[in-house]
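Here is a short tour for someone meeting this structure for the first time. Keep the sequence and the 3D view at hand while reading.

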Amino acid sequence: MNSKIMFKSIFVGMLLIILIGLIFIIFDKAGTGAHIYSPLVLNDYKIIDETADCDNNKYLIYSDEKNNYYLNCSNSNIFILWDDGARDSLEFDLKISKVTIESLIEHGLKVVKDEK
């Protein structure tokens, strides 16, 4: 087989693999309405607090082996705005482990931490 034909075959094969991968990502993204993220890809975010009036009642948002973490308002309305434009609820992102409580605190979330 001619080396030029072999090179073209390999090149076309690589392009097809890339194209199929991109199509899969686009359809996956469109089908779920969610954005794709990976723990290996560092996405930055901002915490958006849209709480109107705080009722000053503690609200449990996270618990680990040692501590419970509370917000100061049970009627808190807090979202995470990701750098790719996605907007998720704080509790949802914690629930699916997209963010950690430590990261949220580092980003400025005010929590009450009570030892168990």
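Helices here are DSSP runs of H or I with at least four residues, numbered from the N terminus. The model is predicted.

Helix H1 covers residues 3–32, and Phe11 is found in it. Phe11 has 47% relative accessibility, so it counts as partly exposed. Phe11 also belongs to a nonpolar surface patch of about 800 Å².

**How confident is the model?**

The protein chain has an average pLDDT of 84. A score of at least 70 is reached by 84% of the residues. Which element of the protein chain has the lowest mean pLDDT? That is H1, at 76. Strand E3, residues 67–71, has the highest mean, at 96. Residues 32–42 need care when reading the model. Over residues 32–42, pLDDT stays under 50. The model has 12 contacts for this stretch beyond four places in sequence.

**Aromatic pairs**

The whole structure holds 3 aromatic pairs. One of them joins Tyr45 and Trp82. Their centres are 4.9 Å apart, the planes make an angle of 55°, and the pair is tilted. Tyr45 lies in strand E1 (residues 45–49), and Trp82 lies in strand E4 (residues 78–82). The pair therefore ties together parts that are 37 residues apart in sequence. Are these two residues buried or exposed? Both Tyr45 and Trp82 are buried.

Tyr62 and Tyr69 form another tilted aromatic pair, with 5.8 Å from centre to centre and 45° between the planes. Tyr62 has 29% relative accessibility and so counts as partly exposed. Tyr69 has a relative accessible area of 4%, so it is buried.

**Salt bridges**

How many salt bridges does the count come to? There are 3.

| Salt bridge | N to O distance |
|---|---|
| Arg87 and Glu50 | 3.0 Å |
| Asp114 and Lys58 | 2.7 Å |
| Lys98 and Asp88 | 3.1 Å |

Take Arg87 and Glu50, whose closest N and O atoms are 3.0 Å apart. This pair links distant parts of the chain, 37 residues apart. Arg87 is in strand E5 (residues 87–89), and Glu50 is in the loop between E1 and E2. Arg87 is partly exposed, with a relative accessible area of 44%. Glu50 is also partly exposed, at 39% relative accessibility.

Next come Asp114 and Lys58, whose side chains meet in a salt bridge at 2.7 Å. They too link distant parts of the chain, 56 residues apart. Asp114 belongs to strand E6 (residues 112–115), while Lys58 sits in the loop between E1 and E2. Asp114 counts as partly exposed at 26% relative accessibility. Lys58 counts as partly exposed at 45%.

The remaining table entry is the salt bridge between Lys98 and Asp88, at 3.1 Å. Lys98 is in the loop between helix H2 (90–95) and helix H3 (101–106), and Asp88 is in strand E5. The two are 10 residues apart, and the pair links distant parts of the chain. Why does Lys98 count as buried? Buried means under 20% relative accessible area, and Lys98 has 14%. Asp88 is likewise buried, at 14% relative accessibility.

**Ile78 in strand E4**

Ile78 lies in strand E4. Its relative accessibility is 10%, so Ile78 counts as buried. What is Ile78 in contact with, leaving aside its neighbours within four places in sequence? The list is Ile47, Ile48, Asp49, Thr51, Leu71, Ser89, Leu90 and Leu109.

**Glu65 on a loop**

Glu65 is found in the loop between strand E2 (59–63) and E3. Glu65 is exposed, with a relative accessible area of 72%. Its C-alpha atom is separated by 7.9 Å from that of Lys116, which is 51 residues apart from Glu65 along the chain.

Notes: Residues are numbered from 1 along each chain as its sequence is written. This is a predicted model: local features need pLDDT of at least 70, side-chain atom pairs count only at pLDDT 80 or more; totals for chains, interfaces and linings use all residues. Side-chain values use heavy atoms; hydrogens and water are left out. Patches are made of residues with over 30% relative accessible area and no salt bridge: like charges are joined within 9 Å, nonpolar side chains (Val, Leu, Ile, Met, Phe, Trp, Tyr) within 5 Å. Accessible areas come from the Shrake-Rupley method with a 1.4 Å probe; for residues, only the protein chains shown count as cover. A salt bridge is a side-chain nitrogen of Lys or Arg within 4 Å of a carboxyl oxygen of Asp or Glu. Buried means under 20% relative accessible area, exposed over 50%, partly exposed in between (1.4 Å probe, protein chains only). pLDDT is the predictor's confidence in each residue, from 0 to 100. Contact means heavy atoms within 4.5 Å. Rings of Phe, Tyr and Trp (its six-membered ring) pair if their centres lie within 6.5 Å; planes under 30 degrees apart count as stacked, over 60 as edge-to-face and the rest as tilted.
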